[in-house]
Amino acid sequence: MKQLVILGAGTAGTMMANRLVRRLDPALWSIRLVDRDNDHLYQPGLLLVPFGSYDPRDLVRPRTQFVAPGVELCLAGIERVDPEARQVRLGDGQRISYDILVIATGAALQPELTEGLTGPGWRRNGFDFYTLEGATALAAALERFEGGRIVLNVAENPIKCPVAPLEFLFLADAFFQERGRRSKVELIYATPLEGAFTKPKASALLGDMLSKRNIYVETDFLVSRVDGDAGKIQSWDGRSLPYDLLVEVPVHGGIEPIRASGLGDAQGWVPTDPHSLQSKDHPEIFVLGDATNLPVSKAGSVAHFQGEVLTENILRYIRDLPLLPDFDGHANCFIETGHGKAMLIDFNYKTEPLPGRFPLPGLGPFTLLEESAVNHWGKLGFRWIYWNMLLRGEDLPLDHRMLLAGKWS
């Protein structure tokens, strides 16, 4: 019996296990899915917790609820991978061998890498919204915030869901408007980027939207330390931004067991072929989702598009066929813009977000690079698709490639 082991039972890993169990012969292959606990968190919902749109209890469900029969779920955690012996050592000391390994371990928050961030003031006037605890605490802080300066700082890229900081600012603008407090609140976006976003055309559009909402953008801001007592963040070039409330997007990196196993780069991301999703160092290892070092958004849509390509490439690897270079970096993201509207962007490695309609050319129903209520409802509706289709490995009516049909320059 050959062994296929998937590390990480988040979006990418669960989806892959459920897709592969339907395609592999159970008499020849066993599939093990490994994670540290039984709590599956709907991460896209964290953004909406601070504004009262989601109850934190609605975002967590048991992993066992989404794992298909035929997949063995191991909840012992990962201690180390030995790629030479082709073994994974689990947290309980057990060693499991693999013929194929899929790394889907996601991204880990590393707030301790920013001096002072988790010191005085953390969870008092400094918060994150990338964890359930942080988002819940931030909800209470926003509700009692009567006025002053809110600074949202991205410590370092890459991060999970690169548009989430922008969404937070748009939603905060609407939140305080609806409560009659917006004139008393100053919103600052301190980003290490040269503009509001990574893609130049989208960055210009989003930057203009921020400006029209009186949200100031402090660009090229590389945070060096946080002083919670004084209420200020400092950058390496000497700039200082005072705040009354800090919303921090911490440094992200690959999980420690991957780094300790020598499988990751300096940040812990696994070097991955950008088109086949095979490890660059070990042909029997494949990588998808946030764990890769690829220049693409760390987002659920990317994991979905990668999953379609990776399913076929694992089957081809088993049959000793050449792998298909079919992943083009496709990503699409809804961007909440407040007041019941949202935008949608669709792009890949080479093509910037373009205006148009999605997913049906000329018909939509979603509009690209344009605010609409339909886009907002699409974002909210994705939660049902996530729990009932995406995680279960069902095919969605979306091409894994970025299509230009229905878009215009």
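## Salt bridges

In this predicted model, Arg36 and Asp37 form a salt bridge whose closest N and O atoms are 3.8 Å apart. Arg36 is exposed, at 64% relative accessibility, while Asp37 is partly exposed at 25%. Asp37 also meets Arg63 in a salt bridge, with an N to O distance of 3.1 Å. That pair links distant parts of the chain, 26 residues apart: Asp37 is in the loop between strand 2 (29–34) and strand 3 (39–41), and Arg63 is in the loop between strand 4 (60–62) and strand 5 (71–74). Arg63 has a relative accessible area of 8% and therefore counts as buried, the limit being under 20%. Together with Asp35, the residues Arg36, Asp37 and Arg63 are linked in a network of salt bridges.

Another salt bridge joins the side chains of Asp399 and Arg401, at 2.7 Å from N to O. Both partners are partly exposed: Asp399 has 27% relative accessibility and Arg401 has 43%. The count for the structure is 23 salt bridges.

## Helix 7

Helix 7 spans residues 373–390 and has a kink of about 35 degrees centred on Trp384. Its buried residues are Asn375, His376, Gly378, Lys379, Tyr386, Trp387 and Leu390.

## Cavity and pocket

The structure holds 1 cavity of 30 Å³ or more. The largest cavity contains about 30 Å³ of space, and its lining includes Leu117, Trp122, Asn125, Val226 and Tyr243. By class, this lining has 6 nonpolar and 4 polar residues, with no charged ones.

The second largest pocket has a volume of about 390 Å³. Of its 27 lining residues, Pro158, Pro162, Thr198, Val296 and Ser297 lie nearest the centre. The lining comprises 15 nonpolar, 9 polar and 3 charged residues.

Technical notes
Residues are numbered from 1 along each chain as its sequence is written. This is a predicted model: local features need pLDDT of at least 70, side-chain atom pairs count only at pLDDT 80 or more; totals for chains, interfaces and linings use all residues. Side-chain values use heavy atoms; hydrogens and water are left out. The bend at a residue is the angle between axes fitted to the seven residues ending there and the seven starting there. Helices (H or I, at least four residues) and strands (E, at least two) are DSSP runs, numbered from the N terminus. Buried means under 20% relative accessible area, exposed over 50%, partly exposed in between (1.4 Å probe, protein chains only). On a 1 Å grid over the protein atoms alone, a cavity is a set of points where a 1.4 Å probe fits but cannot get out, and a pocket is an open set with protein on both sides within 12 Å along at least five of seven lines; lining residues have an atom within 4 Å of a point. Grid points are joined across faces, edges and corners, and a volume is the space filled by probe spheres set on the points. Ala, Val, Leu, Ile, Met, Phe, Trp, Tyr, Cys and Pro count as nonpolar, Asp, Glu, Lys and Arg as charged, and the others, Gly among them, as polar. A salt bridge is a side-chain nitrogen of Lys or Arg within 4 Å of a carboxyl oxygen of Asp or Glu.
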